[in-house]
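Subject: Structure handover

Hello,

Please find the structure below, with notes on what turned up in it.

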Amino acid sequence: SCAGALLNQGGTCNITLRFNPAVNGTRQAELALTASDARTYRVSLTGFAYPSAKISERVAGSSNAPQYIAKAPDGTFWYTQPGANRIARMTPAGEVVEYPLPSALANPFDIVAGADGNMWFTELDGGRIGRSTLNGVITEFALPVTTSQPRGIAAGADGNIWFTEIIGAKIGRITPQGVITEFTIPWTNAAPRGIAAGPDGNLWFTDSGGLSIGRITTAGAFTRFTIPWEIASDNVRSITAGPDGNLWFAELTGNRLGRITTAGVLTQFPLPRAGAGPLGIAAGPDGAVWYTANNVNRVGRINVATGDITEYRLPTVASSPIGIITGPNNVMWIADSSNVNKISRLSIPGVSGANVYSDMWWAGQAENGWGMSIQQHGNVQFNAIYVYDNTGKPVWYVMPGGTWNADFSSYTGPIYQPTSAPLGNYTPAQFVVGPSPGTVTLNFSSDTTATMQYTINGISGQKSIQRQVFGSGSSPLTVGDMWWGGEAQNGWGINLVQQNGIVFGVWYTYGADGKSTWYVLPNGGWSGNTYSGTFYSTTGSAWLGTVYNPGTLVATAAGNMSFNFANATNANMTYAFTTGPFAGTNQTKAIVRQPY
């Protein structure tokens, strides 16, 4: 067919496309078409190759359309679910809790963290501003006009929350106590949408009706900056403070990004792909500005110094991304607003670090009874393996650090099995780390699955492991981490893994013989800021160098344990043994999150 089209005759042709290799940037190519009569036609081509980025996805709960997303003070992420009339919280490990709004058909729209430690959001159709504590207690504040359609929301430098009202052309302010003040925009046809706190202490907003960028002081004084290239059909949307000290905004139908200095100088940056539909925008950890291209299933990056734009395709077709924010380890988090029901995470080459794998990991029901805790601070993991020796007694190995490979998919480090004083009369003076008996490598094949390769005391093996799912309910605090008694109690600790309202604790400590042993708190309940439950001692199958037999697992209630949290970083750990070698031992230890 190509021969007939190009040569005006029947027959066949072969097509060869040859590129000059390059990592990225401009590429040259030659398109050669050889007809059946041996004639060859050659066409020189020029293209552009973009660098790739690692993008992973997580299920965003039971809703099919997460929209805007924000980072909370405790490191979790909150996003709106308009179609489900909910807001949701996701931990860096991917656990999701959804909170229905008290009022029906509210259409939660944008969301932000306030200086008061709560999450604040707009209710587009409800005409309200919502406030949620970090454990999901929601309060709604009605606006004077319920049809005002509040949209964008931002935390101001004055400690208040600011928002736009598209109907009625107002900028609103609400105090942490819920007192609302409205400021009417003083120019005609105003329809404010996005809003952001600027580096100058003022609030900056986009105005799709007045084709302007507006500025309002915290005292309520307005200034208008007309966008010189805008036309009536353009639709300016989100705005953010950039890393360069300027404000950046997205033009949905204008298919551009815009920049405005705090002095009001405007510059436009047309996007390379027609009809991209930019919506969300955020400052990235790499000194660039990132945006979502809603119509073409991409996330884009603009170099604020040069204006160069790079785009990355999301893995799932028709994801329709909207909200975007920077997450742990410099990873961009993206809300995919279409029915794919995903939160995407994009790792920036050379800037982003490892995904966060903090959780309790196990080999599944087929090897029930042993597990591995992973706690990660930045790129550093502090891990512990809870298994059984050749006689079935519980023992543990600790992996206090390690190194990543180049793409952060594999983590390797030495393990140790210390000895110390018995837990009932603990003193760090007897703490002996000892030589390392081997190494462990964790190869992460996805966010939820990995392979653990080990060599311990000359015995090598491999286990397939996965995140252990156990969470339900809600909690007043987020406390998941490795905790210890400080230097004065150096040598033991307790790993607390939290999924929603359940805290799964594994206490790695020392038995009456000074050798490693562990106890498990698999469940419990909250009473205010105190979490309590029954903890157990276990015996089980020999683990090293043999086939694991889960049928030998025996769990025996050892006593009661509670954690009285003064806040998310300080607590008292109280335990009372009722059985076993420490029966009658009752102690309280002050514990804190362990830094590493």
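What volume does the largest cavity have? About 30 Å³. Please keep in mind that this is a predicted model. The structure holds one cavity of 30 Å³ or more. Its lining is made up of Pro92, Pro328, Val331, Trp333, Arg345, Ala354, Asn355 and Val356. By type, six of the lining residues are nonpolar, one is polar and one is charged.

Next, a sheet. Four strands form an open sheet in the order β5-β6-β7-β8, and their pairing is antiparallel. The edges are taken by β5 (69–71) and β8 (96–100); each has a single partner strand, so one side of each has no neighbour in the sheet. On average, neighbouring strands here are turned by 20° against each other, direction ignored. Within the sheet, β6 (residues 77–81) and β7 (residues 86–90) are joined by five bridges in the antiparallel sense. Thr80 has Ile87 in β7 as its bridge partner.

Ile185 lies between β16 (180–184) and β17 (192–197). Is Ile185 buried or exposed? Ile185 counts as buried because its relative accessible area is 4%, and the cut-off for buried is under 20%. Apart from neighbours within four places in sequence, Ile185 is in contact with Ala169, Lys170, Ile171, Ala190, Pro192, Phe205 and Phe222. Gly580 is 395 residues from Ile185 in sequence, and the two are 72 Å apart in space, C-alpha to C-alpha.

Regards

Key. Residues numbered from 1 in each chain as written. Predicted model: local features only at pLDDT ≥ 70, side-chain atom pairs only at ≥ 80, totals over all residues. Heavy atoms only, no water. 1 Å grid on protein atoms, 1.4 Å probe; cavity = no way out; pocket = protein on both sides within 12 Å on 5 of 7 lines; lining within 4 Å. Points joined across faces, edges and corners; volume = space filled by probe spheres on them. Nonpolar A, V, L, I, M, F, W, Y, C, P; charged D, E, K, R; others polar. Pairing = 2+ DSSP bridges. Helix = DSSP H or I, 4+ residues; strand = E, 2+ residues; numbered from the N terminus. Axes fitted to C-alpha atoms, helices over the stretch in contact; angles between N-to-C directions. Buried < 20%, exposed > 50% of the residue type's maximum accessible area, 1.4 Å probe, protein only. Contact = heavy atoms within 4.5 Å.
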